[in-house]
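Hello,

Here is the structure we talked about. My notes on what was found in it follow below.

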Amino acid sequence: ASVVGRMVNLNIPIEPRRGQVLVTESMPRLINYCLLSATYIAAKFNPALAQKGGGVSIEPTANGNFILGSTREFVGFDNRVDLAGIRHIAGHAAGILPCLKRLNVIRVFAGLRPYTPDGLPILGAVDGLEGFIMAAGHEGDGIALSPITGEIIAGLIVDNKTDFPLEPYSLARFDANRTERSDS
């Protein structure tokens with residue numbers, strides 16, 4: 001989003017934040033729901049907490065595997081996994097569910113989340129750029145929020161309205177949202 005913004009002289013404060021994840025081998029069902037530490041949730045909004053490890057999520061799959069995550073790292077567009085991140089996740093998760101120590105990790109991967117400074121997405125029309133509508137910066141909630149985001153943006157495009165105010169999600173909420181326009 002920030003690259004597209006520069007094309008139209010906007011400073012869009014979205015940057016990539018890497019999340020590393022582990023997948024374990026399967027085992028008989030132990031838990032039925034995702035476990036999230038409070039720090040994992042809070043780290044989305046507080047980069048200082050993310051730097052200290054960012055908490056942990058433990059999610060069982062239908063096949064008995066566990067998805068363990070995740071880091072929240074500012075490393076640019078680097079989506080590679082690293083040993084320090086993987087060790088941190090595994091150690092933290094095993095501290096909560098000690099049986100995880102006996103499971104093999106069968107896969108690791110990393111992805112990039114679009115981070116905004118306040119943890120909220122940027123939604124809506126951009127002042128001064130007719131037809132420029134944003135829906136970006138959902139961080140780790142993009143998949144879960146995609147249906148409602150699509151509905152909101154469709155309402156803006158088709159009817160030029162939404163069912164609730166979008167000002168709290170506007171790009172204008174960030175100071176200095178425009179870059180200096182150049183004549184070159």
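How many salt bridges does the count come to? The count comes to 8 salt bridges, where a salt bridge is a side-chain nitrogen of Lys or Arg within 4 Å of a carboxyl oxygen of Asp or Glu.

Before the details, two notes on sources. This is a predicted model, in which local features need pLDDT of at least 70 and side-chain atom pairs count only at pLDDT 80 or more, while totals for chains, interfaces and linings use all residues. Residues are numbered from 1 along each chain as its sequence is written, and side-chain values use heavy atoms, with hydrogens and water left out.

Overall layout

The chain has 5 helices and 7 strands, taken as DSSP runs numbered from the N terminus (helices: H or I, at least four residues; strands: E, at least two). Their order along the sequence is α-β-β-α-α-β-β-α-β-β-β-α. The C-alpha trace spans about 60 × 35 × 25 Å along its principal axes. Of the 184 residues, 40% are buried (buried is under 20% relative accessible area, exposed over 50%, partly exposed in between; 1.4 Å probe, protein chains only).

Salt bridges

Aspartate 82 pairs with arginine 18, with the closest N and O atoms 3.2 Å apart. Aspartate 82 lies in the loop between strand S4 (66-69) and helix H4 (83-96) and arginine 18 in strand S1 (residues 15-24), so this pair ties together parts that are 64 residues apart in sequence. Arginine 18 is buried at 4% relative accessible area, whereas aspartate 82 is partly exposed at 27%.

Aspartate 78 forms a salt bridge with arginine 80, the closest N and O atoms being 2.9 Å apart. Here aspartate 78 is partly exposed at 22% and arginine 80 is exposed at 59%. Arg18, Glu73, Asp78, Arg80 and Asp82 are linked in a network of salt bridges.

Another salt bridge joins aspartate 141 to lysine 44, with 2.2 Å between the closest N and O atoms. Lysine 44 is buried, with a relative accessible area of 10%, and aspartate 141 is partly exposed at 30%.

Helix H1

Not counting residues up to four places away in sequence, glycine 5 touches Leu10 and Ile12 (contact means heavy atoms within 4.5 Å). Methionine 7 is also found in helix H1, residues 2-7, but counts as exposed at 64% relative accessibility.

Regards
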